Amino acid sequence: MKGIVLTEFLELVETKFGLEVVDKIISASKLESEGIYTSVGTYEFSEMLQLLQHLSAHTKISIDALLLVYAEHFFSVIESSYPGLLAIYKDPIEMISSIENHIHVEVRKIYPDAELPTFEVIEKTENSLIMIYKSSRAMHHFGLGLMNKTFEYFNSTAVIDLEKIKEDGTEVKFSITKNK
Amino acid sequence: MKTLKILLIEDDAIEVMKFNRTISKLKLNHEIIGANNVEDDLKLLAQKTNLPNIILLDLNMPKINGIEFLSILKNDDTLKYIPTIILTTSNNQKDLIACYEIGIAGYVLKPLKYEDYVSKIEKLLAYWSINELKNTNERNRTY
Amino acid sequence: MNQQLEGILLRALKREKGARKAAEKILEGKSTEFYDLTQKLKKSNFKLEKLIAEKSSELRGVFENIVDAYVVMDLRGNVIKMNEPATSLLGYDNNQENINLFTLVDVSEVEKVKKSYSKLINNGSITNFQVKINTKSNDQKLVHINASIIYDENHKAIAAQGIVRDITEIKNLELQKEKLLLKLGKSNDELQEYAHIVSHDLKSPLSSIYALVSWLKEDNIGKFDKNSLQNFGHIESTLEKMELLISDVLLYSSVSLDESKKLNVDLNIVIEDLKKIIFIPSHIKINVKNKLPVVFGERTKFQQLFQNLIGNAIKFNNKKNGLIEIDVSEKKSFYQFSIKDNGVGIEKKYHDKIFKIFHSLNDHKDSTGIGLSIVKKIIDLYNGNIWIESDYGKGTTFHFTLKK
């Protein structure tokens, strides 16, 4: 897992819950990295998972809900760090449908060894999009949060339905309908 | 059997003798006209008063080529109806084709042996004497 | 509580330091990686440059050493580059003067060249283009051009290159050859015509003599003695032989190839047809031992060939049970045929002579000695050979080949 996901996550935890909670969830986890993260490094995904689980236990908020909030935060990171990535799009559907073909390509330029989920476009119209998310990480709510923010970024809203194709969440169908 | 008036166009005196002798040998009553000289023969034809029923024409003649002679005949509105049979020793395919192209009624090769010659002439004349022919002199009578 | 906070802060600080060091280490690793990559790139660049230099020098070598004229021009036909042979062919040098394709070609050819040049640009190449050009010294030359377009790295056409060959001489020779062939054909036709006329002129007196002899006999029945009558018979058979001779000479002189009549000929059918034409006495058998091939040529020539050989085999057979065997074997570039008989045979000393014209070994009534000459002439026309094997008194085998 890319370091930036972890550093931004801990940053958000610190902002929302304080340094104390950061310290607590790190201490509670068994981390090979000992909680020392840099955005350019690469770490085990299990570290992210442990941090998430301990934060969920501490705050009594579900992991999915935490991921959703985190994704919204992460979108603002993208917005401020890589404005060029967003500037070329005029429409949220266009942008989301080109995750595979464009955004992930750009990501690989910066993080060549990043392990990225796949988003397969099943159906696309001007105002709707059906995609299949596939990732062993089962971080579909992270994706959902990013999508929500995307619509917000373009001053619109959408109904996004999630349907788990696989119980463990490694394969999920996203049905997106833009509100008119 | 009809009696034919035959014009033999032949320069060679012995050939003419051969033909005449053949006719008398076969005891045929055909009338043989011709001057033994191509130029006179042409004049005779040009008068159109005493036209033959058939013409027998040799191809290789010193004064006028038989094919030229044939062309003159076939370009004439009266003479073109007279059946003209080539009687020659030349079996040159080119000559044969040229003759048929202009229009002939037959092409007979003169054999070496006199007996064969007699037999060929007999058959030839027998054939023409049973044929219906245009009366070429009729025109003169109607006027 | 303070102590607790202090612990948290210390741990956070420790993490921050650790993270910084880790980041520095990663970046260090990255720069080493970059350095290595740069070195590698430099190396491969160097190799590429060397390769380009080699290729360029090779090309220059080709350009300078090529025997044919080589010209490079831009898309408007301006000459950019030309080699030594091009300079000596055209008389112009692009280093000293501006040369354009359209002023180089003859005025009458400009339209044709315009069309071909745009075809070259559109299709990328033209071959076998022939055009009249005027050299600097105002010589008109006919040249043959193969040209292609040079593209830049974006596949955009930038120039045209062409190999120019002077074919003025070749073309002249070709024209001369054509003229000669035409002349030859004409004189062949004339000869043919001449042969026919001569043959007619010779035959006519023969038939006259024949008629005169017949009349002498007819008009004097009972007046000649037996001896005189026999002599009349001799005159007649001599006349017949002479006539046959004239016919055969005419036949021999007309054996020449007519390319337009060439087609695939099944020799099996030729032989079957011949068996119907030739008179085969009942005591003579003809066997074809193997299936004969299909050969390309004039049917009548093959027929003449087999007719003469089979005819001879029949004519010169003196055995009670005559046997003629026809066989063939296939070789790499030709077929080898054999016609074997059990006839009189030919003495060794005559083996070469029999193919010469008028050379008949026998005083046979209907043999003039031209048949085998015709056979030889036909085989010569088809680039073949003929030879014989013979056991005098026992039989003869004619072998001959026909090119495939």
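This is a predicted model: local features need pLDDT of at least 70, side-chain atom pairs count only at pLDDT 80 or more; totals for chains, interfaces and linings use all residues.
1. The predictor assigns the complex an ipTM of 0.79. The pTM is 0.48.

2. Confidence in chain C. The mean pLDDT is 87, and 97% of the residues of chain C score at least 70. Helix H1 (residues 2-65) of chain C has the lowest confidence, with a mean of 86. Strand E10 (residues 334-341) of chain C has the highest, at 94.

3. Confidence in chain B. Chain B also has its own average pLDDT of 87, with 94% of the residues at 70 or above. Over residues 138-143 of chain B, pLDDT stays under 50. For that stretch the model has two contacts beyond four places in sequence.

4. Interface of chain B with chain C. Twelve residues of chain B contact 14 residues of chain C. Helix H1 (residues 13-25) of chain B supplies the largest share of the chain B side, three residues. By class, that side of chain B has five charged, four polar and three nonpolar residues.

5. Interface of chain A with chain C. Here nine residues of chain A are in contact with nine residues of chain C. The chain A side divides into four nonpolar, three polar and two charged residues.

6. Overall build of chain A. Chain A has 180 residues, and 27% of them count as buried. Take the contacts in chain A between residues at least 6 apart in sequence: 58% join residues at least 24 apart.

7. First helix pair in chain A. Helix H1 (residues 3-17) of chain A packs with helix H4 (residues 63-81) of chain A at an angle of about 115°, and the axes are 10 Å apart. H1(A) is therefore roughly perpendicular to H4(A); the range for that label is 65 to 115 degrees. The crossing of H1(A) and H4(A) is right-handed. On the H1(A) side, the contact uses A:Glu8, A:Phe9 and A:Leu12. On the H4(A) side, A:Tyr70, A:His73, A:Phe74 and A:Val77 meet them. By class, the contact of H1(A) with H4(A) has five nonpolar residues, one polar and one charged.

8. The axes of helix H2 (residues 19-28) and helix H3 (residues 45-59) of chain A come within 9 Å. They cross at roughly 125°, so H2(A) is oblique to H3(A). This crossing of H2(A) and H3(A) is right-handed. A:Val21, A:Lys24, A:Ile25 and A:Ala28 in H2(A) face their contacts A:Leu51, A:His54, A:Leu55 and A:His58 in H3(A). The contact of H2(A) with H3(A) has five nonpolar, two polar and one charged residues.

9. Overall build of chain C. Chain C has nine helices and twelve strands. Of its 404 residues, 19% count as buried. Among contacts in chain C between residues at least 6 apart in sequence, 59% join residues at least 24 apart.

10. A loop position in chain C. C:Ile66 sits in the loop between H1 and strand E1 (69-74) of chain C. C:Ile66 has 14 other C-beta atoms within 10 Å, so it is partly exposed. C:Ile66 and C:Pro85 are 19 residues apart in sequence, and their C-alpha atoms are 8.0 Å apart in space.

11. Most residues other than glycine have a negative phi. B:Lys48 is not a glycine, yet has a positive phi of about 60°. B:Lys48 is in the loop between helix H2 (38-47) and strand E3 (54-57) of chain B. With 14 other C-beta atoms within 10 Å, B:Lys48 is partly exposed.

12. A second case, in chain C. C:Asn138 has a positive phi of about 65°, although it is not a glycine. The loop between strand E3 (125-134) and strand E4 (140-151) of chain C holds C:Asn138. C:Asn138 is exposed, because 7 other C-beta atoms lie within 10 Å and the cut-off for exposed is 12 or fewer.

How values were computed
Residues are numbered from 1 along each chain as its sequence is written. Chains are lettered from A and ligands numbered from 1 in the order in which they are written. Two residues are in contact if their C-beta atoms, placed from the backbone, lie within 7 Å. Helices (H or I, at least four residues) and strands (E, at least two) are DSSP runs, numbered from the N terminus. Ala, Val, Leu, Ile, Met, Phe, Trp, Tyr, Cys and Pro count as nonpolar, Asp, Glu, Lys and Arg as charged, and the others, Gly among them, as polar. pLDDT is the predictor's confidence in each residue, from 0 to 100. A residue is buried if 20 or more other C-beta atoms lie within 10 Å of its own, exposed if 12 or fewer, and partly exposed in between; C-beta atoms are placed from the backbone. Axes are lines fitted to C-alpha atoms, for helices over the stretch in contact, and angles run from 0 to 180 degrees between N-to-C directions. Angles under 35 degrees count as roughly parallel, over 145 as roughly antiparallel, 65 to 115 as roughly perpendicular and the rest as oblique. A crossing is left-handed if the near helix is turned anticlockwise from the far one by less than a right angle, and right-handed if clockwise.
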